[in-house]
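Please read this short report with the model open beside you. It covers backbone geometry first, then charges.

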Amino acid sequence: MSQHYLDRLFEPRSIALFGASVRPESVGGRVFENLLRGGFEGPIYPINARHDKVQGKQAYASIADIGKPVDLAVFATPARTVPELLHQAGEHGVRAAIVLSAGFGEGEGGGSEHQQALMQEARRYGIHLVGPNCLGMITPRLGINATFSKNDAKPGSLALVSQSGAICTAILDWAAARPIGFSSIVSLGSMADVDFGQVLDYLALDPNTQSILLYVEGIRTARKFVSGLRVAARFKPTIVVKAGRHEAGSRAAMSHTGSLVGADDVFEAALRRTGAVRAMSIEQLFAAAQFLSMHHQVGGDNLAVVTNAGGPGVLAADRAVDVGVNVPELSPESVEKLNAVLPASWSHSNPIDILGDATSERYEAALDACLADPTMNGTLVMLTPQAMTEPTEIAQAVAERAAKAKKPVLTCWMGEQLVGAGRNLLEAKRIPTFTSPEGAVEAFGYLAQYRRNQQMLLQVPGPLSRGMTDLDLEGARLVIEGAMSEGRRTLSTSESKAVFSAFGIPVMPSIDARSANEALVAARTLGFPVAMKINSHNITHKSDVNGVRLGIGSAHDVRTTFNEMVADVKAVQPDAIVEGITVEKMYRHPHGREVLVGVLRDPVFGPVVTFGAGGTAVEVMRDRAVDLPPLNTFIAREMIQRTRISKLLGEFRNLPPADIDALVSILLRVSGMVCELPHILELDINPLIVDETGAVALDARIGVDYPEPNVGRYDHVAIHPYPSLHESKLQLGDGTDITIRPIRPEDAEMEQEFIRALSPEAKYFRFMRSLNELTPEMLIRFTQIDYDREMAFIATTVDPETHKEIEIAVGRYVVNPDGRTCEFALVVSDKHRRQSIGNRIMMALMESAKRRGLRAIEGEVLSNNEPMLHLMRRLGFSIRTSDEDRGIQLVVKDL
C-alpha cells in the first residue's frame, strides 16, 4: 500500500505560512514564532508581500517566489483572501493545508460563500485541508507547532483530536504540569474537509501513537465518524469526551462549529458499537487514557474493595453503582479464608474493611483472597493514614502482589503528606494509583466499559438475521410506496400492520371501518370483545384525543362507541381528517407486559432502534435503550438489559418469565426492516405485549418519506451491515464444495492458520517480504474490516478429516484516498491453485467494487509471479512495469 494521504499534514518536510507577521501579538506572528521555536528541521517559508523579512527570516511575496517544493501550507489571513491563496498553493504543488482563519460561515454567521470557494480550490488540487476556524496542529516529535497557542507540548504517545481550539489550549496547559506527552495534537475546527474519520484512520496506524483522545462537539458525516472510530479502537484505546450532552450544550456546540448534534443516548450507542470509551470530563479523559494504555484486561464488571476504613469503602461502592461497576458479595471460600487471618470484627462483606490497625500482612492476606476469588474481576486496595498505619511498607507489599497478579489491582492512598512516599512507590512500580475512591472506581469502570465495547465491536450483524425466510420485502415496499403515491407520509394502522406482517412480526388482527355498520361487521368477524381505535393520519397519539376504547363486548356498544369516538375527536382536534375506526381483536392474557419497540431518525446517525417501557406514559417514564442498526441477538439482548422494564420481564411475583427470544426476534426484524426500507423515518409498536407464550403488536405507526436518490443500498445507516448477500457457493471438479463469503472477526484463527500453511514463495508473492505468520495487529486489520471502506472475500471448505471449516484463499481490496479506485491483494493456498478459486474471488472483488461505484481496481504484482500475472491478463487488466521498482508490475482494470 502507498503512503497515507495525510502524511504531508502530520509529517511535512517543508512548511509555508501565509500571513506570517512581524507583529508578535497577531495570529500570523504567534504561529511563525511557534514554528521557529519548535525546532522543526525542515525549511519554514514566511509569506508576506509587505516585508522582506519576518522575525529575522527572509519573507516571500508569494508562494511561487519560494521556488522549492512545499508540503504543508498554513493560512493566517482574512477569510476572503484564503481561496485565492489556496489556489496559488495548489498551483505550486501543495497537497496539505491548515486554515486557521475564521469567517467561513460557522454557526449562523456569514461567509459561507468563502467556504464554498475554499473547498472548490481544495477539490481542484486534491488538497487535504484542516479547518477553517481552528487552532492548528502540533507534532512534538518533529518540532512542529503550527498553532497560535502560547503552549508547547511534550513528545509522547497520546494523540489529541479536538473540534475546539480553546479546549486544546486548556488541555495543553493542564498537561504541562504533568508527565503527559503527545504524538499529535489536531484542532479540527469547522471540518470543511478533513474530519474525525480521516484523522482517526491515520492515527490508527501511526506507530508513534498508543492512545487517542477525542473532544467532540458535533459530527458532519456519521458513517465516516463511526468507520474511523471503529478502525482506531481496534488497535488502540480511544477515549471520547462529548460536549452538548444536554439541550443547552447542544445549541452552543452547533453555533460554535456548525456541526450536527444529535441525541446524547444515540451518540452513546454509537460509541458502544465502535469499541471506544467515553469519559465525562477532561480529567477523566486523561485518567482513562493513562489506565487503558497499561493494557490491563478484565473478564467482567465485578470489583473487590479492600480498605482500612469503612467510609472510603462506602464512597467506592456508591460510585461503583453510578458507573455500572458491581461490588458483589465474596464467595463462601473467600469469606472462610479471611475469617482465618482477619480479626473477628472485619466487615464480612465487600467492601472488605480490614480495620484501622491493618498491617502489611493483613493487606496481603486480603488481596490474595480477592485475587483468588473467581467472582471478582479486579481489586481496589485503599489506605487512609491512621495511627497504626505504615503506608510505604503496605505499598511495597501490595506492589509485589499486584506485579504477579493476573487480574488488575488498583490502589488509592488517600491523603498527601503521610502517604506521599507510598503513592510514589506504587507509581514507580506502574501500579495504578489514585487519590480518591471515586477516581479509582471510575478507572476500573473504564476497563469494564472498554471490555464491553470491544465485544460490541466484534459484532458484525447482517441486514437480515439468518433464518428469516418468512419475509415479503417487496410486499412491504409496495405498501409504503402506495401510501406515498397518495401524498401521505404516515401509514394507517392497517398499512403499518401489513408491513410488520411482511417482516414476520406478529400483530393482532384488525379491520378498518368507515361507518358504524362496518364497525359492527368487523367486530362480529373478529369476535368479541374488541378494541376500537381512531383512524386518522393527522393523529399521532390516539389516547390524547380519547381515540382508544377497550373491551367492547356487544353490537350495541360497537355502534355507540363508533359515533362517540368520531364526535370526541372532532371536538378535540377539529382539523383532523378521520378516515374511520380500526376494530381490533382484544388481547386477553393475564401475564402480558407492555413494552415499546420503535425507530427514530437521529439528525446525525440516521435510523436508530429503540426499546423500552410501553403504554400511554412512555414519554413520562423515559425508559428507553437505543442502538444503531443492524442488530444481532447479542446486541438485542444487551439492549433489553439496559432498560428498567427488563427487570419486569423475568419471573416476578405470580408472573412467569416473558418470552425474551420472541422479543429479540422482533427487535431483529425491526432492524432488518430499517436496513432494507430506507423509506422509514420513524416507527412505533406501542404497546407490544410480551408474555410467556410470545409477543404481539397491538398498535403500530410508521412514518415514511422518499429515500435519497443515487445512494448505496445501506448508505442510510451509520454502520454498514455484514454483506451477507455476497455469499456464494461453488463445487470444484473433484466434488469439493467451496463457500466464498466476506470475512468476519471470528475468522481470525482460521486466517492465521491459512497464512502459516502457505509456502515461503506464496507468502513472499503476497506480502513482498519474508513472513512466518501475521502479527496481532495485522490479524486485527485483516479480519475486523470496515465493509464501508474495504472488502475481503475468503474461500472456505470443510476439512474431510477434522470436519472443521478451513480457509483456502483470500482476496481483499481497500478503497484508495481518492474514493474512486481501490487496491487489491489475493492469495490462494498452494494445494488449491489452478482450480479457478482465485478467478472467482477476483470476480467477486470486482463486482463488489463496481457496485460501490469505484472506477478502477489496481494492484502490485512481483514480476516473477507469473501465475498471478497470467490471471490478470485473463481478467483484462492492463500491466506495466513500475517506474519506482523494476521488479514490480502495476496491474489496473477499468470498472
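In which loop is the place of Ser836? Ser836 sits in the loop between strand 34 (821–828) and helix 27 (837–851). Helices here are DSSP runs of H or I with at least four residues, strands are runs of E with at least two, and both are numbered from the N terminus.

This is a predicted model, in which local features need pLDDT of at least 70 and side-chain atom pairs count only at pLDDT 80 or more, while totals for chains, interfaces and linings use all residues. Residues are numbered from 1 along each chain as its sequence is written, and side-chain values use heavy atoms, with hydrogens and water left out.

**Backbone**

Most residues other than glycine have a negative phi, and most peptide bonds are trans. Ser836 has a positive phi, near 70°. Ser836 is partly exposed, with a relative accessible area of 45%. Buried means under 20% relative accessible area, exposed means over 50%, and partly exposed lies in between (1.4 Å probe, protein chains only). His803 also has a positive phi, near 60°. His803 belongs to the loop between strand 32 (790–798) and strand 33 (805–815). His803 counts as exposed, because its relative accessibility is 62%.

Two cis peptide bonds deserve a look. One joins Phe528 and Pro529, with omega about -5°. Pro529 is in the loop between helix 19 (516–526) and strand 21 (530–535). Another joins Pro629 and Pro630, with omega about 5°. Pro630 is in the loop between strand 26 (624–627) and helix 22 (633–641).

**A buried glycine**

Is Gly615 buried or exposed? Gly615 is buried, because its relative accessible area is 11%. Its loop runs between strand 25 (606–613) and helix 21 (618–621). Not counting residues up to four places away in sequence, Gly615 touches Glu594 and Asn686. Contact here means heavy atoms within 4.5 Å. Leu464 is 151 residues from Gly615 in sequence and 28 Å away in space, C-alpha to C-alpha.

**Salt bridges**

A salt bridge is a side-chain nitrogen of Lys or Arg within 4 Å of a carboxyl oxygen of Asp or Glu. By this rule the count is 49. The table gives some of the pairs.

| Pair | N to O distance |
|---|---|
| Arg423 and Glu416 | 3.4 Å |
| Asp684 and Arg701 | 2.9 Å |
| Arg741 and Asp747 | 2.8 Å |

Asp684 and Arg701 form a salt bridge. Asp684 lies in strand 27 (residues 680–691) and Arg701 in strand 29 (residues 700–704), so the pair ties together parts that are 17 residues apart in sequence. Asp684 is partly exposed at 22% relative accessibility, whereas Arg701 is buried at 14%. In the Arg423 pair, Arg423 is buried at 7%, whereas Glu416 is exposed at 56%. Arg741 and Asp747 are both buried. Salt bridges also link Arg30, Glu33, Arg37 and Asp152 in a network.

**A surface patch**

Which residues gather in a patch of negative charge on the surface? They are Glu860, Asp883, Glu884 and Asp885. Patches are made of residues with over 30% relative accessible area and no salt bridge, with like charges joined within 9 Å and nonpolar side chains (Val, Leu, Ile, Met, Phe, Trp, Tyr) within 5 Å. Glu860 is in strand 35 (residues 856–862). Glu860 counts as partly exposed, because its relative accessible area is 40%.

Conventions: Accessible areas come from the Shrake-Rupley method with a 1.4 Å probe; for residues, only the protein chains shown count as cover. Lys and Arg count as positive and Asp and Glu as negative; His and the chain ends are not counted. The place of a charge is taken as NZ of Lys, CZ of Arg, CG of Asp or CD of Glu.
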